[in-house]
Amino acid sequence: MLSLPNARPYAFQFPLATTALIIIDIQRDFVDPGGFGSVQCGNDEVFSKARAIVPTVKRVLDVFRAVGGHVIHTREGHQPDLADLPAAKRLRQVSSPHGHHTMGIGDQGPMGRLLVRGEYGHDIVDELTPWPGETVIDKPGKGAFFGTNIHRVLLARGITHIVFTGVTTECCVTTILREANDRGYQCCVLDDCTQGFDAQQVTTSLDIIAGQDGLFGFVGTSSDFLAAIHESQTQLTPPSTPPLLSDNGLPPIPELISRYKKGSTSPAEVVNYIYDRIDAYQLIDPAVWIQLETRENVLKAAESLVSKYANKPLPPLYGIPFSVKDTIDVANIPTTAACPQYAYTPTSNAPAVQHVLDAGGIFIGKVNLDQLATGLSGTRSPYGVPHSVFSDKHISGGSSSGSSVSVGARLVSFGLATDTAGSGRVPAAFNGVVGFKPTKGTVSAIGLVPACRTLDTITVIAPSVADARLAWRIIAHHDASDPFSKLPRSLPAWHINYLGPRHGGFTFAIPPPSALDILTPPYRSLFTAAVQTLRASSGRLVEIDYSIFEVAGSLLYDGALLHERMTCLGLDFLRSNLDTLHPVISSLFSKALASPPTAYDVFSDQALQIQLTRKAQQVFDTLAGGIDVLVVPTTTQHPTIEAMQANPLALNSELGTFTHYANVVDLCGLNVPAGTYVDADGVELPFGITVLGGSGFDAKVFDIAAVVEDALARRGEGEKAL
């Protein structure tokens, strides 16, 4: 914990990793002559004081950026048509009979129309220009939590504490700080990094914030803040830096970015390194890739990236290699869905892919999957059968088989995959990596071959919770062109516990013993140990009605949703190509085509799904006695390839016992590696648990999963020490 010892009313303590620096409205319109601020102030001498804080704010910003802090900028302004400008705000001040407001919002000024988005005056001053990856919140009012997604931005980053700077103290700074305070954040404003247009109001505003023993928060100084950052860095024991080109794969994304910034490695070096690994792994498992970019082409992409960002701030995924499941479009590369008959060549990238490329990611290739994204086994592809990175005899899991293997074998830093029934969680568990399935409709599904359009989600596979969270933040954007995309304002935004789940605690539930009887003995033992670890990590176990989820799981393949899957793929296509599909998939669809549901069946299932979804979401309503997360074994056992091929349908269905219901009732979930065991043949195999949350609670799942991951890792280290 860092500390501002001279803060009022007492020392402000904050953890660097979960603290955000918010710079409020330091726009030309507010601090430069001729803007809205000069009209608002009406006194040139007083107005100049607002501009005077910029150098101090820049010093704070520079230091905070240097330690990788979360930076958020706000800009106040309105749409060009002023549709978001209430009449009260537009008319109140200019209507004062004795006032000095001769111009109002939208009027033409020296820097363009006042407080209108897109005008020169609306933008942030040059000294504080946002860097790639820093969030800019365009707010229509004095506050920032209405009409914006700032709260979900803070939640997505796991923020618990906020340091405020900006203008004006008496107006926007105070308003936003109070909004944040109401939502549970610990807040501190730096008094020499904020200024206003009325000296007495500035003083009074700061006094009110810290008054009554910290009614709204803390007031500190930039000198204390800078000293705290400096001290935290000098007191750190420098960790031993492992060689970049090691047998363990690339370092975590933040560390690799740090090395790029320091010049200790380059994207070209990383590309050559991973292609050496890919070449070597081809001898171990040749069924990972469907379309692998050539080393030469990727080196050219790396060179272009270096040229583009020479002497500039680096974007958050600069030089980070990633794979893409071959149901997600990459421009000018065939999308096959592991079905040559279905293949087409898109002319544009799926938005999720484009977001990663815009953030500096380096595309390596398209990876294998169960044909038409149908299955959890990884054994249903004409491009070969990839196996688990732990054993060439055991399945990789599917349908995102290549995605999980490419990450598990450390051939890439992360992969974009999909999850309709568990396809991003089961293979992650079988390869000892993290698989995150976001809330439906929070990542654009444009450019995705639909498996079941109302259930599909693009997912992230990564080596760690932190890396998965970073990649998820890059791709999770509302897409107005996607009819299944949820509006951000429709998603929950809960108050936070600034202590975090590690110290503040969390509630969780697990399936009842009857549901867990399906687990193999090693899985049952490891799940019991994981639950004990959660309880020892501030988790409180709560009982729930689990039958909701069991009934929902049965809807996926025993009801009309299977026929939605076929409709999405195209009935004409299936009928014309049924004999040429993978035999297991052909058999599955043949049986379904022979017994189509009635309209009654469809509407009955739809009604039941809606009812179950409402009940499931109530389970996660903590304001009504609900839980934070549901923790389940990701799957039931780890079959061999031989066993899966001998019993493909029944065994595949069993593997989805704890995954099938998640998308049916609109949950989000993350597989966390939770240990290994040695089977009867002496093979070490992985085990994973899934942390599930309600719709829109993705950030909470990440917060708790990070605690779980850390606790399980420490438990593993302790067991090794024994």
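The structure is a predicted model, in which local features need pLDDT of at least 70 and side-chain atom pairs count only at pLDDT 80 or more, while totals for chains, interfaces and linings use all residues. Residues are numbered from 1 along each chain as its sequence is written, and side-chain values use heavy atoms, with hydrogens and water left out.

**The chain as a whole**

- The secondary structure of the chain comes to 28 helices and 21 strands; helices (H or I, at least four residues) and strands (E, at least two) are DSSP runs, numbered from the N terminus.
- The radius of gyration of the chain is 27 Å, close to the 27 Å that the globule rule gives for 722 residues, so the chain is as compact as a globular protein of that length. This radius is taken over C-alpha atoms, and the globule rule is 2.2 Å times the number of residues to the power 0.38.
- Along its principal axes, the C-alpha trace spans about 85 × 60 × 55 Å.
- Of the 722 residues, 57% count as buried, where buried means under 20% relative accessible area, exposed over 50%, and partly exposed in between (1.4 Å probe, protein chains only).
- Among contacts (heavy atoms within 4.5 Å) between residues at least 6 apart in sequence, 75% join residues at least 24 apart.
- The accessible surface of the chain is about 28600 Å², and 53% of this surface belongs to carbon and sulfur atoms. Accessible areas come from the Shrake-Rupley method with a 1.4 Å probe; for residues, only the protein chains shown count as cover.

**The annotated domain**

- An unreviewed UniProt entry carries the annotation "domain: Isochorismatase-like" for residues 19–210. UniProt positions are given in the numbering used here, feature names are shortened, and annotations may be inferred rather than shown by experiment.
- The span of residues 19–210 is 36% helix and 20% strand, and its end C-alpha atoms lie 19 Å apart.

- Strand S8 (residues 161–167) is mostly covered, with seven of its seven residues buried.
- In a regular strand the side chains alternate between the two faces of the sheet. In S8, His-161, Val-163, Thr-165 and Val-167 point one way, Ile-162, Phe-164 and Gly-166 point the other way, and all are buried.
- S8 pairs in the parallel sense with strand S3 (residues 19–24) over six bridges; two strands pair if DSSP finds at least two bridges between them.
- Six bridges also join S8 to strand S9 (residues 186–195), and these two strands run parallel.
- Val-163 of S8 stands opposite Leu-21 and opposite Cys-188 in S9.
- S8, H7 and S9 make a right-handed β-α-β unit. A crossover is right-handed if, with the strands pointing away from the viewer, the path from the first strand over the helix to the second runs clockwise.

**Thr-174 in helix H7**

- Thr-174 lies in helix H7 (residues 169–182) and is buried, with a relative accessible area of 9%.
- Leaving aside its neighbours within four places in sequence, Thr-174 is in contact with Thr-168, Thr-169 and Ser-205.

- Strand S12 (residues 321–325) is largely enclosed by the rest of the structure, because five of its five residues are buried.
- Pro-321, Ser-323 and Lys-325 lie on one side of S12 and Phe-322 and Val-324 on the other, and both faces are covered.
- S12 pairs in the parallel sense with strand S13 (residues 362–367) over five bridges, and the bridge partner of Lys-325 in S13 is Val-367.
- S12, helix H13 (residues 351–358) and S13 make a right-handed β-α-β unit.
- Three bridges join S12 to strand S14 (residues 414–419), which run parallel, with Ser-323 opposite Gly-415 in S14.
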